[in-house]
Amino acid sequence: MKLIYSFLLFFLLFVSKAMAQTDFFKTYTTPLSLEKSIAIQTNNDNFLVSLMETEPERTKKNGGIIKIDSDTQIIDWKFFNGQDGGSIDYIIKYNTTQNLYIIGGTKDSIASGHLYTNLFYEIINEDLQSIKTQPLLLSEDTIQEIHQMNLVSDSILYILVNRWPYMHDSYFDFFIIKINLNTNDQIIYKPTIKSSVSYDMIYWPKQEKISIFYAGNGADKQASLAKTMELDKDLNYMGYDSLVYGMTYYTDAQIINDSTYMLSSNGYSHYQPFSSCHSMYFYEMDYNNDSIKGCQYYPGHPEDSIIYSFLYESLAKNDESFVVGSVVNIEPFQYPYQQTEATYIQLTFFDYDINMQKQIYYGNGTDVYWPMSIQPTMDGGFVICGAWRKPEITNPPNQDLFLLKVNSEGLITGMEEPKGICASEALVYPNPGGEQFQVKLAAQHQNALLEMYSLNGKMLLSEQLNQAQTTINAQALPQGCYTYRITANGLKIAGGKWVKE
């Protein structure tokens with residue numbers, strides 16, 4: 001009996017160790033300025049992060065994959081460039097049993113004064129060794145970027161590509177490639193519409209059709225914003241639909257079952273009289289693209305701090321929740337390179353009935369974060385990656401990589417005081433500030449209490465917060481550094497330092 005108990009104890013300890021993960025925030029220096037990144041978890045508890053970097057003048061690109069272990073240490077770093085650079089735009093799992101992955105991007109070359117962009121996909125293993133590489137479409141004097149890849153079987157891969165010209169901005173559009181991975185046969189569909197950009201695609205196994213989510217014109221040339229185009233499995237055009245009114249850019253979709261999917265999007269919410277603010281939309285949709293139910297959420301108005309979706313993958317789920325990723329407090333016409341104020345990563349949690357559970361913010365109050373992708377992890381948590389920089393670094397732009405791993409509740413549990421970033425349920429900004437500043441509460445809090453102290457612990461300001469966003473008058477405070485604490489229902493939901501200039 002003791003032997004059985006010992007074996008069970010050993011087994012439980014082994015399983016708990018194998019399933020245990022450390023949540024973390026970590027930054028990494030990249031050779032060039034980071035433009036795009038996507039992180040996925042391997043079966044061995046490591047992370048593979050795809051990178052697309054550019055020189056400040058955007059005359060050269062680098063494409064690479066970083067392999068990082070669960071302790072945030074870099075194991076390997078490999079570039080997949082052509083003679084004149086390249087990019088890695090996307091990474092997906094291919095064969096989980098053999099730990100194989102598919103990466104996609106471009107390899108650039110120059111001939112007779114013309115710049116060519118050669119799309120390719122490559123199958124690699126977890127050690128970043130190439131198993132197979134295959135060139136795709138070659139295009140002259142255009143920028144091509146793989147926006148998404150969708151593997152629908154062991155042999156069929158769909159690749160969604162955005163493109164625009166190098167020398168002028170007369171058009172931008174997208175196209176889709178279907179590839180047989182066994183034979184390398186390729187089918188390409190190029191819509192006739194111009195001035196459109198794609199954001200996502202999903203494959204419906206039962207209906208054997210593809211939905212491509214994009215912003216731009218419809219096939220009848222009528223102007224609109226968020227739309228979906230329907231193709232059959234062989235890329236024959238079936239039609240298009242407009243989506244929920246007010247949705248604009250960065251649509252992201254996930255199939256739930258044979259007849260419904262979840263959709264997140266940037267959008268606008270309108271106020272009276274004649275004013276609007278940026279917002280986020282989250283909706284359950286049927287396969288005919290009609291809305292079933294959903295919600296919109298946005299920063300406070302008129303003190304609109306601007307909210308935008310993650311740039312590439314903003315929607316993820318675990319067994320209990322859907323999570324929508326966004327960035328708060330951006331300056332749209334300056335972001336990202338000329339942004340001077342701190343930005344914050346925001347995760348909004350919903351249950352499967354589209355009830356908002358909570359919001360959590362991540363940031364240090366000074367740095368600029370440009371979140372790009374969120375993916376689920378094996379422990380039920382999520383990994384977020386993107387670019388970050390100091391606000392003073394604007395010329396030349398120099399963005400490096402950050403990687404943020406949270407648990408299923410959105411918490412960073414691996415350290416008592418996460419270095420350089422913290423999770424909170426309220427924001428205080430701008431920081432540094434002046435005669436006034438804003439306090440934004442997460443959606444789960446209807447009221448809270450702000451207390452501000454001198455560095456020697458004397459309370460100098462106390463304000464009740466009874467709305468989503470409140471303007472605080474700081475004229476009575478001398479210039480200097482202060483600490484603050486925000487509590488709700490007797491619990492601390494945010495705290496830190498604030499500087500008055």
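## Exercise 1: A nonpolar core

In this predicted model, the largest nonpolar core has 31 residues, and Ile102 and Ile159 touch the most other members.

**Task.** Which strands each supply at least two residues of this core? Which residues does Ile159 touch, not counting residues up to four places away in sequence?

**Solution.** 

Step 1. Begin with the strands. Those that each supply at least two residues are S2, S6 (86-95), S7 (100-111), S8 (114-125), S9 (130-140), S10 (142-151), S11 (156-165) and S12 (173-180).

Step 2. Now select Ile159 and look around it. With residues up to four places away in sequence left out, Ile159 touches Tyr121, Leu136, Ile146, Gln148, Met149, Phe175, Ile176, Ile177, Ile179 and Met201.

Step 3. Look for another core too. A second, separate one has 20 residues, and Leu461, Ile472, Ile486 and Ala494 are among them.

Step 4. In soluble globular proteins, nonpolar side chains tend to be buried together.

## Exercise 2: An open sheet

**Task.** In what order do the 4 strands of the open sheet stand, and is the pairing parallel or antiparallel? Which strands stand at the edges?

**Solution.** 

Step 1. Trace the sheet from one side to the other: the order is S2-S3-S4-S5, with antiparallel pairing.

Step 2. Find the edges. S2 (33-41) and S5 (74-79) each have a single partner strand, so one side of each is left without a neighbour in the sheet.

Step 3. Check how the strands are turned. Ignoring direction, neighbouring strands of this sheet make an angle of 20° on average.

Step 4. Zoom in on one pair. S2 and S3 (residues 47-54) run antiparallel and are joined by 8 bridges. For Ser33, the bridge partner in S3 is Thr54.

Step 5. Recall what holds such pairs. Strands of a sheet pair through backbone hydrogen bonds, either parallel or antiparallel.

## Exercise 3: Salt bridges across the chain

The whole structure holds 14 salt bridges. Here you will look at some of them.

**Task.** Where in the chain do Asp23 and Lys405 lie? Are Lys67 and Asp127 buried or partly exposed? How many residues apart in sequence are the parts tied together by Asp234 and Lys178?

**Solution.** 

Step 1. Take Asp23 and Lys405, whose side chains meet in a salt bridge with an N to O distance of 2.7 Å. Asp23 is in the loop between helix H1 (2-19) and strand S1 (24-28), while Lys405 is in strand S29 (residues 400-406), 382 residues apart.

Step 2. Check their accessibility, remembering that buried means under 20%. Asp23 has 2% relative accessibility, so it counts as buried. Lys405 is buried as well, since its relative accessible area is 0%.

Step 3. Move to Lys67 and Asp127, where the closest N and O atoms are 3.2 Å apart. Lys67 sits in strand S4 (residues 61-68) and Asp127 in the loop between S8 and S9, 60 residues apart. Lys67 is buried at 8% relative accessible area, whereas Asp127, at 47%, counts as partly exposed.

Step 4. Turn to Asp234 and Lys178, with their closest N and O atoms 2.8 Å apart. Asp234 lies in the loop between strand S16 (226-232) and strand S17 (237-242) and Lys178 in strand S12, so the pair ties together parts 56 residues apart in sequence. Asp234 is partly exposed at 35%, while Lys178 is buried at 12%.

Step 5. Finish with a network: salt bridges with shared partners join Asp23, Asp379 and Lys405.

## Exercise 4: Backbone details

**Task.** Which residues does the cis peptide bond with omega of about -5° join? Where does Thr72 lie, and is Thr72 buried or exposed?

**Solution.** 

Step 1. Look at Tyr429 and Pro430, joined by a cis peptide bond with omega of about -5°. Pro430 is in the loop between strand S31 (426-429) and strand S32 (436-441).

Step 2. Continue to Asn431 and Pro432, where a cis peptide bond has omega of about 5°. Pro432 is in the loop between S31 and S32.

Step 3. Go to Thr72, a residue other than glycine with a positive phi near 70°. Thr72 lies in the loop between S4 and S5 and is buried, with a relative accessible area of 10%.

Step 4. End with Ile354, where phi is positive and near 65°. Ile354 is in the loop between strand S25 (344-350) and strand S26 (356-363), and at 9% relative accessibility it counts as buried.

Key. Residues are numbered from 1 along each chain as its sequence is written. This is a predicted model: local features need pLDDT of at least 70, side-chain atom pairs count only at pLDDT 80 or more; totals for chains, interfaces and linings use all residues. Side-chain values use heavy atoms; hydrogens and water are left out. Two strands pair if DSSP finds at least two bridges between them. Axes are lines fitted to C-alpha atoms, for helices over the stretch in contact, and angles run from 0 to 180 degrees between N-to-C directions. A nonpolar core is a set of buried Ala, Val, Leu, Ile, Met, Phe, Trp, Tyr and Cys residues joined through side-chain atoms within 4.5 Å. Buried means under 20% relative accessible area, exposed over 50%, partly exposed in between (1.4 Å probe, protein chains only). Contact means heavy atoms within 4.5 Å. A salt bridge is a side-chain nitrogen of Lys or Arg within 4 Å of a carboxyl oxygen of Asp or Glu.
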